[in-house]
Amino acid sequence: MALSKRACAIATKLHSFTASDLAQVDIVTWLELRSQLQKHHKARIEQYRFRRDPKAYLANLESRLL
């Protein structure tokens, strides 16, 4: 069992969580995190596209620039 699963199992045994406990989130913080994750994901996709076909990637960048 992975460490994170063990921690979750222990925490669950120590305290049972209700739906209202789990629903308490800060929407602004969540949206900021989601935005950061999307930016990271897009950067990884662009890196993959460049490695796969650098000429096509650079041609696409050039066409978007002009």
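Q: What pattern does the protein follow, read along the sequence?
A: In this predicted model, the order of elements along the sequence is α-α-α-α. The protein has four helices and zero strands.

Q: Why is the contact between the side chains of E46 and R49 called a salt bridge?
A: The N to O distance is 3.4 Å, and a salt bridge requires a side-chain nitrogen of Lys or Arg within 4 Å of a carboxyl oxygen of Asp or Glu.

Q: What separates E46 and R49 in helix 3?
A: E46 and R49 are three residues apart in helix 3 (residues 27-52), so about one helical turn lies between them.

Q: Why do E46 and R49 count as partly exposed?
A: Partly exposed residues fall between the limits of under 20% for buried and over 50% for exposed. E46 has 25% relative accessibility, so E46 counts as partly exposed. R49, at 40%, therefore counts as partly exposed as well.

Q: What makes V25, I27, W30 and L31 a nonpolar patch on the surface?
A: Patch residues need over 30% relative accessible area and no salt bridge, and nonpolar side chains are joined within 5 Å. V25, I27, W30 and L31 form such a patch, with about 410 Å² of accessible area together.

Q: How much of the protein is buried?
A: Buried residues make up 2% of the 66 residues.

Notes: Residues are numbered from 1 along each chain as its sequence is written. This is a predicted model: local features need pLDDT of at least 70, side-chain atom pairs count only at pLDDT 80 or more; totals for chains, interfaces and linings use all residues. Side-chain values use heavy atoms; hydrogens and water are left out. Helices (H or I, at least four residues) and strands (E, at least two) are DSSP runs, numbered from the N terminus. Buried means under 20% relative accessible area, exposed over 50%, partly exposed in between (1.4 Å probe, protein chains only). Patches are made of residues with over 30% relative accessible area and no salt bridge: like charges are joined within 9 Å, nonpolar side chains (Val, Leu, Ile, Met, Phe, Trp, Tyr) within 5 Å. Accessible areas come from the Shrake-Rupley method with a 1.4 Å probe; for residues, only the protein chains shown count as cover.
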